[in-house]
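Morning, everyone. I have one structure to go through today, so let me put it up.

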Amino acid sequence: MTTITTTALTRTFGPVTAVSNLTVELPSGVVGLVGANGAGKSTLIKMLLGLIPPTSGTATILGFDCLTDGLKIREVVGYMPESECLPLDVSATEFLVHMARMSGLPASAGRERAADTLRHVGLYEERYRPIGGYSTGMKQRVKLAQALVHDPKLVFLDEPTNGLDPAGRDDMLGLISKISSDFGISVVVTSHLLGELERIADHVVVIDGGVLQRSTSTADATQLSGSLLVEVTDEADVVMSRLRDLGASVAAGRAPGSFAVELTDETLPAAVVAIVAELGVGLVRLQRRRHHLSEIFETSGVTS
Amino acid sequence: MTTPNDSVIHDIGFRHYDGPRLGRGWAFRSLLLETLRGAFGLGRPAKVKIMPWVLIGLFTVPAIVIVAVVILTGGQELPLTYTQYPIAMSLLVSLFLAGRAPYAVSRDLRDGIMPLYLSRPIKRQDYVYAKLFGLAIAVWIFIATPVTVLLIGALLAKFPVRDQLLGWVGGMLMAAVLALLITSIALTLASFTKRRGLGVAAVLATLVLLSGFVSVLISVVTMQRSGATGTYFAVLDPYLLVDGLSAAWLGVDPQNDFAQPDGALGTLVFTAALVVIVAGMVAILLRRFRKVGGV
């Protein structure tokens with residue numbers, strides 16, 4: 001099922017083109033939106049929320065037109081901004097009730113859902129204390145809760161793991177998976193860390209400089225982005241040529257004895273081990289590596 | 001509020017909401033009400049409540065004293081009328097507003113909350129109007145409290161009921177005009193800073209200094225030139241402007257004689273000044289918030 005469709009969507013700010021001729025379809029589930037800072041992710045989200053009109057092109061979200069149905073869209077869509085956005089001198093409960101009403105929920109329903117939502121994101125007794133005293137992780141949870149409090153059909157999460165420690169990052173990623181799988185709410189999550197998104201996203205969209213680089217389901221992306229780093233003690237040339245005979249694409253590394261193998265086939269690691277054992281040389285390193293985001297940008301001229 | 005008890009919380013999973021979504025009007029009302037509650041520190045920690053309630057107390061005590069004196073000494077009329085009271089006590093009104101206007105907008109700017117509001121089913125200008133009317137209603141309630149104490153005292157002292165009720169209604173009306181006028185000015189000043197302290201200083205300095213400056217100006221001009229030229233300068237001070245409008249519209253005695261508008265032309269100029277100032281401030285506010293929120 002498609003939640004968001006854009007057709008030739010373009011937005012310029014004076015001489016700067018933030019989003020350029022973007023045509024993409026996003027399915028339901030968790031969609032990762034990857035791009036470096038300034039790649040146009042936030043501009044895209046603001047256009048989809050109906051907050052800024054596109055310079056040209058069209059976009060529909062949950063069947064609503066972004067140009068004309070902004071109010072309708074914002075009733076059923078949640079948004080967690082990247083920036084600090086919480087009032088410090090009210091409690092999380094008070095704040096969530098207010099945000100629920102701002103989304104159009106009646107007073108009593110707002111109170112009920114505020115308590116429910118805070119429980120789901122993992123805030124319990126502390127929810128009665130002013131937000132100013134919360135840790136970064138707790139504040140991120142409140143930011144997530146305010147995006148969910150009105151039971152949206154779709155949420156935009158802008159860099160939700162920013163500023164979190166590794167444990168907090170894992171918790172947040174777990175919560176995001178839960179939003180999609182348990183709550184049945186579609187998620188569009190942005191990050192500049194592809195590895196992070198690969199763990200939770202069903203579909204990854206890569207944009208750079210406002211231009212679509214790639215839109216694939218995560219299974220494809222992982223496969224495409226894998227490579228194998230190999231380092232042997234001796235006879236690296238022989239190992240490389242044997243691998244080339246097997247049809248693998250091999251690139252010599254900078255250090256003598258090390259090279260990289262494009263992971264086009266899941267049997268390749270076993271083949272490397274077999275060749276090394278047969279030659280009787282030492283295997284120093286056999287490491288599966290994901291491409292960094294920058295490499296994806298360099299290699300992907302084609303979109304699928 | 002929930003009360004602590006021994007019951008067990010069962011995890012019933014995520015519940016979906018399929019009730020009504022009330023849309024833009026309701027969201028506007030909610031933001032207005034939140035602003036009004038915030039102005040009195042309701043739903044906020046105790047330290048936020050202190051200033052507004054201390055000021056309400058200080059502002060109301062003179063009214064209670066006046067009422068007590070009138071009842072005990074058997075006076076024939078209130079020494080300060082319903083329209084004169086807030087003008088005479090203008091410093092306290094300014095203090096209340098100087099605290100509350102930055103609380104209403106500077107805090108939102110500092111905390112960066114605009115993106116959250118903008119992602120709700122409201123439009124950008126709704127935020128400005130909700131803040132303006134929410135705070136203006138708070139100021140109106142602030143002024144209405146002692147004015148209503150005066151009415152209760154007047155009725156207890158068995159003054160003619162009809163006259164007193166009419167006077168009180170006039171007082172409420174002019175309180176609303178004053179509230180809207182000074183709130184639009186204070187909110188505009190406060191909207192240009194994220195720092196509350198700076199906002200408080202700016203609002204207080206503007207309202208208090210303006211009063212002093214305009215009074216001096218009027219005395220100087222009146223001394224130099226005979227006639228009513230001096231009274232026109234009253235439009236520069238919001239309190240004198242409303243004082244003059246009370247005299248012009250309701251025919252009551254102004255608190256300051258030199259604020260009495262000069263005939264039909266004076267009334268016209270005073271009324272036009274009110275409209276121009278409020279409209280101008282709203283235009284500046286709308287312009288100010290056109291870019292806030294990173295969009």
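This is a predicted model: local features need pLDDT of at least 70, side-chain atom pairs count only at pLDDT 80 or more; totals for chains, interfaces and linings use all residues.

Residues are numbered from 1 along each chain as its sequence is written, while chains are lettered from A and ligands numbered from 1 in the order in which they are written.

First, strand β7 of chain A, residues 154–158. Helices (H or I, at least four residues) and strands (E, at least two) are DSSP runs, numbered from the N terminus. Five of the five residues in β7(A) are buried, that is, 20 or more other C-beta atoms, placed from the backbone, lie within 10 Å of their own. Leu154(A), Phe156(A) and Asp158(A) are on one side, Val155(A) and Leu157(A) on the other. Side chains in a regular strand alternate between the two faces of the sheet.

Strands pair here if DSSP finds at least two bridges between them. β7(A) runs parallel to β6(A), residues 77–80, with four bridges; Met80(A) stands opposite Leu157(A). With β8(A), residues 186–191, β7(A) pairs in the parallel sense over five bridges, and Leu154(A) has Ser186(A) as its bridge partner.

Now the chains. 32 residues of chain B are in contact with 36 residues of chain A, contact being C-beta atoms, placed from the backbone, within 7 Å. On the chain B side, α1(B) gives the largest share, seven residues.

Technical notes: Two residues are in contact if their C-beta atoms, placed from the backbone, lie within 7 Å. A residue is buried if 20 or more other C-beta atoms lie within 10 Å of its own, exposed if 12 or fewer, and partly exposed in between; C-beta atoms are placed from the backbone.
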